[in-house]
Amino acid sequence: MGDAHRVGIVGLGVISRAYLDTLVGHPAVRITAVADLDAARSAATAAELPGARALTVEELLSSPDVDTVLNLTTPAAHAGIALGAIGHGKHVYGEKPLAADLADARAVLEAAGTAGSGVGCAPDTVLGTGVQTARAAVEAGTIGRPQFASAVMVTPGHERWHPNPDFYYTAGGGPLLDMGPYYLSSLVHLLGPVRAVTGAAGRLRAERVIGSGPRAGEHIPVEVDSHVSGVLEHVDGTLTTLTTSFDGVATTAAPIEIHGESGTLSVPDPNRFDGEVRLHALDDTRWRPLPASAGYADGARGVGLLDFLTAGGERPPRANGELALHVLETMTALLRSAAEGRRIELTTSAKVPAAVPLTSAALWRGRQE
């Protein structure tokens with residue numbers, strides 16, 4: 001593919017700006033095309049990017065000037081765009097989740113395997129110094145053998161700040177499928193894959209009110225569970241208690257805590273790249289911060305795509321399709337467990353991605369040798 005990887009972006013909504021801030025000017029990337037259902041938005045974005053063309057989605061997926069498709073569409077469209085890209089012999093990296101349902105996600109990976117295409121998937125926040133420093137501490141035996149963990153995500157709902165929050169409350173949305181990938185991807189890095197789950201879920205309101213933007217005050221229906229809890233059984237026997245909710249105002253719970261035989265780690269928000277990792281050793285009297293020791297320093301959205309593009313044959317990309325499929329099955333199994341009232345064993349697994357050594361922002365942004 002030459003020195004610079006040719007990337008076409010499908011979907012130019014809110015999240016695309018964060019990706020562009022990371023990718024534009026990076027020596028490993030050349031954005032050659034953009035596409036959106038809103039043609040005016042495509043044209044305006046292309047005008048900001050020297051050498052990029054505004055195309056229709058179909059034109060971009062078949063363009064000979066695109067090697068990798070960056071799929072930033074809504075969850076319901078993830079599989080269709082990915083399959084279209086793979087069908088034209090392209091690699092694809094997408095926002096999470098990998099697809100809105102497990103069957104579609106499996107189809108994406110099967111098609112990629114047949115075509116020889118690579119599949120990558122967010123979140124990449126777990127590659128930052130927050131989660132990676134915590135992982136380094138666990139792997140170094142700082143807390144002894146992990147015994148159990150907790151993971152908590154509580155918000156009053158994204159409709160308070162997002163101008164078009166409808167997809168958060170339709171198929172493929174909800175607190176688990178929206179925010180769960182951050183927590184579950186982190187937990188796989190920290191404790192390994194999951195073998196079985198038991199879940200419970202509820203839906204406390206039939207509609208939400210948009211709080212910002214031109215649609216402020218508009219009521220939208222809630223079609224998915226807005227509170228999901230469950231227990232994850234990791235392959236090594238560790239148990240994680242998980243809570244994800246769009247029904248609470250706030251919480252004082254740590255986003256993730258790992259409890260070991262000789263200490264407890266408090267892990268920062270996995271929706272961020274950084275944050276303070278704290279240790280409370282068994283014989284200590286207080287929490288102590290750990291210095292950043294691993295991860296992409298000052299990480300930003302899109303670092304996972306850079307990792308995907310530059311992995312080469314030395315190692316699998318860290319934000320890879322196998323991990324995304326396992327995370328999606330874990331989430332859908334939790335929802336099915338809640339609906340059916342039973343424990344569910346998973347059919348997928350995933351290799352724990354390679355740890356990220358402490359990497360300066362200048363280095364991963366391609367600003368020095």
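Four aromatic pairs turn up when the whole structure, a predicted model, is searched. One of them joins Trp-161 and Tyr-168 in a tilted arrangement, 6.5 Å centre to centre with 55 degrees between the planes. Trp-161 is partly exposed at 48% relative accessible area, while Tyr-168 is buried at 7%.

On to the salt bridges. The count comes to 22, including these:

| Pair | Closest N and O atoms |
|---|---|
| Glu-139 and Arg-135 | 2.8 Å |
| Arg-203 and Asp-225 | 3.7 Å |
| Arg-205 and Asp-247 | 3.8 Å |

Glu-139 and Arg-135 are four residues apart in helix 6, so about one helical turn separates them. Glu-139 is exposed at 52%, whereas Arg-135 is buried at 6%.

Arg-205 bridges to Asp-247; Arg-205 is in the loop between strand 8 and strand 9 and Asp-247 in the loop between strand 12 and strand 13, so the pair ties together parts 42 residues apart in sequence. Arg-205 is partly exposed at 38%. In the Arg-203 and Asp-225 bridge, both partners are partly exposed, Arg-203 at 42% and Asp-225 at 25%. Elsewhere, Arg-6, Arg-53, Asp-65 and Asp-67 are linked in a salt-bridge network.

Back in helix 6, which spans residues 129–139, we find Thr-129. Thr-129 is buried at 11%, and among the residues Thr-129 touches are Phe-273, Asp-274, Tyr-296 and Leu-358.

Definitions and conventions
Residues numbered from 1 in each chain as written. Predicted model: local features only at pLDDT ≥ 70, side-chain atom pairs only at ≥ 80, totals over all residues. Heavy atoms only, no water. Phe/Tyr/Trp six-rings, centres within 6.5 Å; stacked < 30°, edge-to-face > 60°. Buried < 20%, exposed > 50% of the residue type's maximum accessible area, 1.4 Å probe, protein only. Helix = DSSP H or I, 4+ residues; strand = E, 2+ residues; numbered from the N terminus. Contact = heavy atoms within 4.5 Å. Salt bridge = Lys/Arg side-chain N within 4 Å of Asp/Glu carboxyl O. Lists of a residue's contacts leave out its neighbours within four places in sequence.
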